[in-house]
Each structure stands twice: as C-alpha cells, then as structure tokens.
Amino acid sequence: MSGEQQAVIIALAVAATLLTRAIPFILFPEGRERPQTVLYLGRVLPAAVFGFLVVFCLKDVDFTSGVYGAPEMVSVAVTAALHAAFRNMMISIASGSVLYIVLVNFIMG
C-alpha cells in the first residue's frame, strides 16, 4: 500500500469518526426537545450493551476442563459486586479486568 493510499484511508477514518461524533449534536441541538425514542434508547441501551458484552465474553468459557471457568466467574462476580457498591463503571470494569488477568496469568494459569 502506497503512502498516498494510507493517507486517504487515514483521512477517511478521521472524517467518519468526526461525522459520527457530530451527528447527535447536529440532529439534537441544545434546547431542542429530544424524541421519546431517543430518550428511551438512552435509558436502556447501556444495560443492554453491557449484557451483550458479558454474554460475548463468556460464550467460549469451557466449564468442563481446567479450572472450570473459575477466573471468569470470580471476575464477573467481583465486577458486579464492585459496581453494586460504588456505582462507578471505571472502578468495577478496571478491577474485574485486572483481577481476571492476575488469575489467568499468575494463579490459575
């Protein structure tokens, strides 16, 4: 791939990113009432996306061999407990991820 092609691809990626970030502000400017559908999606999509991510992350866990999915289950439980206690996604997700990495690489791996 030539340098010119790389520059075009990067420029298109930048334009697409900027456009997708700007569209909500263009469609729903400050002071304009948002449609009920958008408000509904704003309430339900975060939980739906995280539910999907949990299912996606656990879909290939083999509960019949090795440590029987223990690192995954412990990490999910700790993540859920921390989120219930602190209601802070950064704390819960980061802690669960670090715990999983430590369990897999140093304790149960």
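I started with helix 4, where Ser92, Gly96 and Leu103 are buried. These residues cover an arc of only 35° around the axis, which puts them on the same side of helix 4. I took the arc from the directions between the helix axis and the C-beta atoms. Buried means under 20% relative accessible area, exposed over 50%, and partly exposed in between (1.4 Å probe, protein chains only). Helices are DSSP runs (H or I, at least four residues), numbered from the N terminus.

The model is predicted: local features need pLDDT of at least 70, side-chain atom pairs count only at pLDDT 80 or more, and totals for chains, interfaces and linings use all residues. Numbering runs from 1 along each chain as its sequence is written, and side-chain values use heavy atoms, without hydrogens and water.

**Helix 4, continued**

I checked the other face. Turned away from the buried side, it carries the exposed residues Met90, Val98, Asn105 and Phe106. I then looked at the N-terminal end of helix 4. Asparagine 88 caps it, with a side-chain oxygen 2.9 Å from the backbone nitrogen of methionine 90. I looked up the length too: the 19 residues of helix 4 should span 27 Å at 1.5 Å a residue, and the end C-alpha atoms are 25 Å apart, which agrees. The expected span is 1.5 Å times one less than the number of residues.

**Helix 3**

In helix 3, Pro71, Glu72 and Ser75 are buried. Seen down the axis, the buried residues of helix 3 fall within an arc of 95°, so they line one face. They pack against helix 2 (36-58) and helix 4 (89-107). Ala84 and Ala85 are exposed on the face turned away. Just after helix 3, arginine 87 takes a positive phi of about 50°.

**Serine 75**

Serine 75 counts as buried because its relative accessibility is 6%. Which residues does serine 75 contact, leaving aside its neighbours within four places in sequence? I found Gly96, Leu99, Tyr100 and Leu103. Contact means heavy atoms within 4.5 Å. The side chain of serine 75 also reaches the backbone nitrogen of tyrosine 100 at 3.3 Å.

**Salt bridge**

I searched the whole structure and found one salt bridge. The term needs a side-chain nitrogen of Lys or Arg within 4 Å of a carboxyl oxygen of Asp or Glu. The side chains of aspartate 60 and lysine 59 meet in it (2.7 Å, N to O). Aspartate 60, at 62% relative accessibility, counts as exposed.

Technical notes. Helices (H or I, at least four residues) and strands (E, at least two) are DSSP runs, numbered from the N terminus. A polar contact is a pair of N or O atoms within 3.5 Å; within protein, one must be able to donate a hydrogen and the other to accept it, and residues adjacent in sequence count only if both atoms are side-chain atoms.
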